[in-house]
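Have a look at the structure below before reading on.

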Amino acid sequence: MDILLLDDDPLVAELIELVLANLAPHAQVQYCSTLAEAKAAWQPSMQLVICEYQLTDGSGLDLVKLVRSQAPELPVVMISAHSDREAVIAAARCGVSEFIAKPLNLPMLQQRLEPLLARLIQQQSQAKLTVCLNTWLSQALTGKLTLPSELALEALLPLLESSTELSAQDLARAWKNEIPLTARLLNLANGASLKRSGQPISRVDEAISILGVDMALATAMALALDIRGSLQDARLLKQAQLYHSTAEQVASLARAMAMSVGLSSASCYTAGLLSRVGELAVLRALQDFIAQGATLNDEQLPLAISEWSPNYGNQLKVQWGLPLPTRELIGAIHQAPTHATQRPLLIMHLAALRVASRLDTPEALRMLRQAGLDVEKWWPKAAEEASHTQPSQEALSLSSAANRN
């Protein structure tokens with residue numbers, strides 16, 4: 001499904017895209033920020049147009065008129081901060097299918113778009129042929145990837161009620177283990193920050209500070225409304241829980257290691273949380289594969305994860321616009337840094353080794369020392385060797401008696 005989205009506010013556009021991804025996971029959204037871009041991008045083969053009423057370079061009604069001249073029956077949704085009677089009548093005369101007023105109410109937006117997208121999906125599915133698993137995963141990789149989300153709406157309600165009293169640090173603490181939300185906030189913040197200052201963002205509290213508490217809460221609500229984000233297949237859910245748990249453990253250990261040597265721990269923690277997004281994105285694609293009527297056998301599951309998760313992880317890093325330092329920290333989790341003297345990279349790899357119970361090798365000992373970490377605290381063999389070399393109380397007594405004699 002091809003969708004044309006026109007809005008000159010990139011943050012609002014991101015929220016709309018997120019709702020679209022929830023309702024139509026495989027839709028291809030062509031985003032434009034100006035009327036001129038949208039007119040150039042418009043194709044009669046598109047299935048849906050969503051546009052702002054008033055733009056910096058003209059009126060969205062001009063795009064509607066162009067669309068109606070070539071596709072009289074195509075659904076067109078108008079979104080506007082001007083919802084007076086004249087604006088609504090003008091939109092209706094141009095053939096707008098839905099008129100939604102700003103500021104956007106996300107539950108209402110989803111409620112208004114859901115039946116419209118459901119009809120479009122049903123029309124497409126009538127002619128859709130079931131494809132093989134590898135073809136499905138390959139096609140999904142070319143689109144906008146999403147993660148399974150279990151963010152509970154009821155957990156957000158108290159935050160929404162007290163939003164004026166919350167700081168970025170409060171939200172960062174509340175959401176410290178919410179992997180998809182962390183990724184989405186970093187994505188939005190980097191899009192805004194890079195345009196303003198050119199500085200990349202790698203910490204979730206910094207991301208919330210840039211976006212503002214209200215925007216961060218709106219983003220969280222959009223994820224919580226993703227009723228299709230949860231995994232229904234028990235095998236996929238089990239794998240997702242395993243990857244989520246592993247990511248949390250790596251994040252916590254990396255933070256503790258970084259703090260013990262006086263390094264910034266927030267970036268290490270964020271990188272740890274994002275270390276399994278490739279696997280989680282594959283699981284989401286597999287759930288969509290099952291949902292369209294296909295069968296996934298037990299042998300295909302581990303092979304699909306092993307083969308496709310690196311590509312999915314790399315694509316997500318590009319899609320989210322993760323800064324290079326964060327990508328390097330994530331990469332160090334999966335592969336030992338070569339010719340690296342940066343202690344944060346060593347710490348990320350050591351944290352992953354510790355979680356995998358592989359921190360007892362001579363190479364791990366060398367990296368521990370290179371990172372400046374306390375060997376006796378972090379190296380498993382240190383305690384074992386200490387117990388073998390520590391003299392017993394009986395030996396100490398005999399030695400003391402011999403010295404006296």
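E17, L20, A21, A24, P25, A27, V29, K144 and T146 line the second largest cavity. This is a predicted model, in which local features need pLDDT of at least 70, side-chain atom pairs count only at pLDDT 80 or more, and totals for chains, interfaces and linings use all residues. Residues are numbered from 1 along each chain as its sequence is written, and side-chain values use heavy atoms, with hydrogens and water left out.

**Empty spaces**

Rolling a probe the size of a water molecule over the atoms shows where empty space is left. Here, a cavity is a set of points, on a 1 Å grid over the protein atoms alone, where a 1.4 Å probe fits but cannot get out; lining residues have an atom within 4 Å of a point. Grid points are joined across faces, edges and corners, and a volume is the space filled by probe spheres set on the points. Searching the whole structure gives 2 cavities of 30 Å³ or more.

| Cavity | Volume | Lining by class |
|---|---|---|
| Largest | about 140 Å³ | 8 nonpolar, 3 polar and 3 charged residues |

Which residues lie nearest the centre of the largest cavity? They are L18, T146, L147, R184 and L223, out of 14 lining residues. Helix 1 (10–23), helix 9 (179–196) and helix 15 (300–320) each give at least two residues to this lining. Helix 1 also supplies the largest share of the second largest cavity's lining, with 3 residues. Helices (H or I, at least four residues) and strands (E, at least two) are DSSP runs, numbered from the N terminus.

**The sheet**

Strands of a sheet pair through backbone hydrogen bonds, either parallel or antiparallel. In this model, an open sheet of 5 strands has parallel pairing and the order 2-1-3-6-7. Its edge strands, strand 2 (28–32) and strand 7 (98–101), each pair on one side only. Two strands count as paired if DSSP finds at least two bridges between them; strand 6 (residues 76–80) is joined to strand 7 by 4 bridges. Across this pair, I79 stands opposite I100.

**One serine**

S267 lies in helix 13 (residues 266–273). Is S267 buried or exposed? S267 is buried (under 20% relative accessible area, with a 1.4 Å probe and protein chains only), because its relative accessible area is 16%. Leaving aside neighbours within four places in sequence, S267 is in contact (heavy atoms within 4.5 Å) with S202, R203 and L329.

How values were computed
On a 1 Å grid over the protein atoms alone, a cavity is a set of points where a 1.4 Å probe fits but cannot get out, and a pocket is an open set with protein on both sides within 12 Å along at least five of seven lines; lining residues have an atom within 4 Å of a point. Ala, Val, Leu, Ile, Met, Phe, Trp, Tyr, Cys and Pro count as nonpolar, Asp, Glu, Lys and Arg as charged, and the others, Gly among them, as polar. Buried means under 20% relative accessible area, exposed over 50%, partly exposed in between (1.4 Å probe, protein chains only).
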